[in-house]
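Dear colleague,

I am passing on a structure that you have not worked with before, and below it I set out what was found in it. Please look through the sequence and the coordinates before reading on.

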Amino acid sequence: MTRTLPEPKISPELADFWAATRDGRLLVRACRSCDSPHWYPRTICPFCGSPDTEWRDHDGTGTIVTYSVMRRAPVPYVTAYVELTGGPTLLTNVMDCDPDALAIGQAVRAVFPKTEAGEAWVMFTPA
Amino acid sequence: MTTQGRICIAGIYEHPLRKAPDISTAQLHAECALGALQDAGLTFADVDAYYCAGDAPGGITMMANHMGLNLSQIDGTEVGGSSYILHLAHAAQAILSGRAKVALVTLAGRPKSDPLKPPPPGPATEFEAAYGIATQNAYAMCAMRHMHDYGTTSEQLAWIKVAASHHAQWNEHAMLRDVVTVDDVLNSPMIADPLHRMDCCVVSEGGGAFVVTSADMARDLGKPLVVLRGAAETNMGQDHGRNVPLTHTGAAITGPKAFAEAGVTVADIKYASIYDSFTITVLMQLEDLGFCEKGKGGAFVADGNLISGVGKLPWNTDGGGLCNNHPTNRGGLTKVLEAVRQLRGEAHPKVQVPNCDLALVHGTGGLLGVRHAAATAILERIA
């Protein structure tokens, strides 16, 4: 039994992001003005307020900042914060892993599990 | 505009129910309001300012009409369980500015019989809720990182629950009255690593209310003068992925501000009501408020240091959310109530702090490590 993934509610500003995840690619939004990546993606930089933001491709590598195994669920699952190489840090799930063998600092890589409708989420698995 | 001791909490009431299948949520609000007004020696007709949050059925105008209130100040600020501590500060400002004279704050709910619906989805929902973020695993991720960075242990966290249970044994209305041990906590089932079931608060139905007036009015009413000395509120998110606050909370901002406004220091505090959705919540907020150094919370809470009459910081002497009451999954209002009881000398004799003249109240609304609001209030008993 695996966890059923919900369908994302795709906002118009993030259509490119979700199109990329369908293709197995991770896009990070970053500001051209203050050169900071941020998460979750927004068109106006939450750090400096500039509307001059852009999508940047990310290779999906990162490390676990913290995690927890949700035992009180029909199918236990792992939530985690993962720091992408070069930032930012994002809230996610770690899947296809032994939950009891995870550790803070562990290297992970992005995976893109599909929903029934063919959309894809950004999750991670041990590298 | 600081309150400078000119605003009082003149009436308090905590509903005795912890399970309420046979009473409507609106009726619970109204009974809590009536109880607090009676405690203050006032009536519904005296109320000209009303404060409630997302738990008010039908919203603030429906509840105001339900109770027959005619208002000059209406404030439905909704920031989860911390809402009511913000309401206290907002009510104080309204009274100081002359816009209101008698402010009523209510909380009530029935999470088992009539659960609150989640708010409409927002821009962060696809990046949080979809990953199965519930309350337990959000706080658990904070605990996991705190343990990693500072060596905090499950045994130390368990001491917080142990302290709450020592207090709850004297509270006849408390949901859980059995005294528990560190081993009991560690042997309870794992909910979200590293938090056990006994690291988590109760799910209770019921509510409470309090009434805010000028100190002059409270004096005329013959009530013990419990005044607001200082208050502060803030919000905190994930720092947009740059430096996600996993081991600190909004208390790091509101604590120093509230102390500065009150003109007192952490060493002056005789009693603390600190939100306890989980044991880790208490530990992180204690550090951020300055009761101990950052990272030393584990050592601070161990060995009964939070037990009234035993340790240095009597805390949540009603049993708190961990053992007594956490009405509709919101802890801020009951924190105010026990602080007022302590300052009035009306806490249970077994947990009453001698000469309790200065108390701190702190609450969190939302999820630590994800997004939350925080509020601190410092209350003083004056002659």
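The contact between the two chains takes 29 residues from chain A and 27 residues from chain B, and please keep in mind throughout that this is a predicted model. On the side of chain A that touches chain B, the elements that give two or more residues are strand E4 (61–70), strand E5 (77–84) and strand E6 (89–94) of chain A, and of these E4(A) gives the most, with six residues. Sorted by class, that side of chain A has 17 nonpolar, nine polar and three charged residues.

Elsewhere in chain A there is an open sheet of three strands, in the order E2-E1-E3 and with antiparallel pairing. Strand E2 (37–38) and strand E3 (53–58) of chain A stand at its edges, each with a single partner strand, so one side of each is left without a neighbour in the sheet. Strand E1 (residues 26–31) of chain A runs antiparallel to E2(A) and is joined to it by two bridges; in E2(A), A:His38 is the bridge partner of A:Arg29. In the loop between E2 and E3 of chain A lies A:Tyr40, and the peptide bond from A:Trp39 to A:Tyr40 is cis, with omega near -10 degrees.

Turning to chain B, it has twelve helices and eleven strands. Its radius of gyration is 19 Å, close to the 21 Å that the globule rule gives for 383 residues, so chain B is as compact as a globular protein of that length. The C-alpha atoms of chain B fill a box of roughly 55 × 45 × 40 Å along the principal axes, and 61% of its 383 residues count as buried. Among the contacts in chain B with a separation of 6 or more, 77% are made by residues 24 or more positions apart.

Some backbone details of chain B also deserve a look. The peptide bond from B:Asp193 to B:Pro194 is cis, with omega near 5 degrees, and B:Pro194 sits in the loop between strand E5 (190–192) and strand E6 (195–196) of chain B. B:Asn316, in the loop between helix H10 (297–301) and helix H11 (320–324) of chain B, has a positive phi near 40 degrees although it is not a glycine, and B:Asn316 is buried, with 30 other C-beta atoms within 10 Å. B:Asn355, in the loop between helix H12 (332–344) and strand E10 (358–367) of chain B, likewise has a positive phi, near 50 degrees, whereas B:Asn355 counts as exposed, with 9 C-beta neighbours inside 10 Å.

With kind regards

Conventions. Residues are numbered from 1 along each chain as its sequence is written. Chains are lettered from A and ligands numbered from 1 in the order in which they are written. This is a predicted model: local features need pLDDT of at least 70, side-chain atom pairs count only at pLDDT 80 or more; totals for chains, interfaces and linings use all residues. Helices (H or I, at least four residues) and strands (E, at least two) are DSSP runs, numbered from the N terminus. The radius of gyration is taken over C-alpha atoms; the globule rule is 2.2 Å times the number of residues to the power 0.38. A residue is buried if 20 or more other C-beta atoms lie within 10 Å of its own, exposed if 12 or fewer, and partly exposed in between; C-beta atoms are placed from the backbone. Two residues are in contact if their C-beta atoms, placed from the backbone, lie within 7 Å. Ala, Val, Leu, Ile, Met, Phe, Trp, Tyr, Cys and Pro count as nonpolar, Asp, Glu, Lys and Arg as charged, and the others, Gly among them, as polar. Two strands pair if DSSP finds at least two bridges between them.
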